[in-house]
Amino acid sequence: MKNWIWVGVGGGLGALARTALEQVGTYHHLPLNFFLINVLGSFFIGMIMALSAEWGVLANQWRLFWGVGVLGGFTTFSTFMLGVHTLWQDTKGLAVLYLTGTLIAGLAAAFGGLVVIREVARMAASRTQLEETEDEG
């Protein structure tokens, strides 16, 4: 039952953050607000997965809170699909560009989040190793 609470509270906070970023609006019928929300969400989910799965520094309840709750409430797949449909009605080429652009940017952002955490962990490990070497010398 506790896991449901973590996800529910996180989801509410994520939805509030999404609502704030929705104010960015559109540009020439392109829903840039949802593009930004989904790419940011992808970047952060990459970070969450690296912290929990690869490094084990994020406890399960925090993975649920941040990954499933906050980012689940923050990202907007259904709204993204509605945007694609709306664009399709007006300009099919722009709809395809938005669809593929969001998918590519989302994948790149998720990979970028993983890389950031891996690099921070590598730097921290190097610093720890250097400090241990200095202590021994």
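A residue counts as partly exposed when its relative accessible area falls between the buried limit, under 20%, and the exposed limit, over 50%. In this predicted model, Trp6 has a relative accessible area of 22% and is therefore partly exposed. Trp6 lies in helix H1. Leaving out residues up to four places away in sequence, Trp6 touches Gln61, Trp62 and Phe65. Trp6 and Ala105 are 99 residues apart in sequence, and their C-alpha atoms lie 29 Å apart in space.

Helix H1 spans residues 2-21 and also holds Ile5. Ile5 counts as exposed because its relative accessibility is 52%. Ile5 belongs to a nonpolar surface patch, together with Met1, Trp4, Val9, Leu13 and Leu16. The accessible area of these residues together is about 770 Å².

Helix H2 (residues 32-54) packs with helix H3 (residues 60-74). The angle is about 170°, and the axes are 10 Å apart. H2 is therefore roughly antiparallel to H3, as angles over 145 degrees are classed this way. On the H2 side, the contacting residues are Ile37, Leu40, Gly41, Phe44, Ile45, Ile48, Met49 and Ser52. They meet Arg63, Trp66, Gly67, Leu71 and Phe74 in H3.

Helix H5 covers residues 92-136 and includes Thr102. Thr102 has a relative accessibility of 7% and so counts as buried. Beyond its neighbours within four places in sequence, Thr102 is in contact with Phe35, Asn38 and Phe80.

Three salt bridges are present in the structure. One of them joins the side chains of Glu54 and Arg118, with an N to O distance of 2.5 Å. Glu54 lies in helix H2 and Arg118 in helix H5, so this pair ties together parts 64 residues apart in sequence. Both partners are partly exposed: Glu54 has a relative accessible area of 38%, and Arg118 has 35%.

Another salt bridge links Arg122 and Glu119, whose closest N and O atoms are 2.4 Å apart. These residues are three positions apart in helix H5, so about one helical turn separates them. Arg122 is partly exposed at 46% relative accessibility. Glu119 is likewise partly exposed, at 35%.

A further salt bridge brings together the side chains of Glu22 and Arg18, at 3.4 Å from N to O. Glu22 counts as partly exposed, with 27% relative accessibility.

Conventions:
Residues numbered from 1 in each chain as written. Predicted model: local features only at pLDDT ≥ 70, side-chain atom pairs only at ≥ 80, totals over all residues. Heavy atoms only, no water. Patch = residues over 30% accessible without salt bridge, like charges linked within 9 Å, V, L, I, M, F, W, Y side chains within 5 Å. Areas by Shrake-Rupley, 256 points an atom, 1.4 Å probe, with all protein chains shown as cover. Salt bridge = Lys/Arg side-chain N within 4 Å of Asp/Glu carboxyl O. Helix = DSSP H or I, 4+ residues; strand = E, 2+ residues; numbered from the N terminus. Buried < 20%, exposed > 50% of the residue type's maximum accessible area, 1.4 Å probe, protein only. Axes fitted to C-alpha atoms, helices over the stretch in contact; angles between N-to-C directions. Parallel < 35°, antiparallel > 145°, perpendicular 65-115°, else oblique. Contact = heavy atoms within 4.5 Å.
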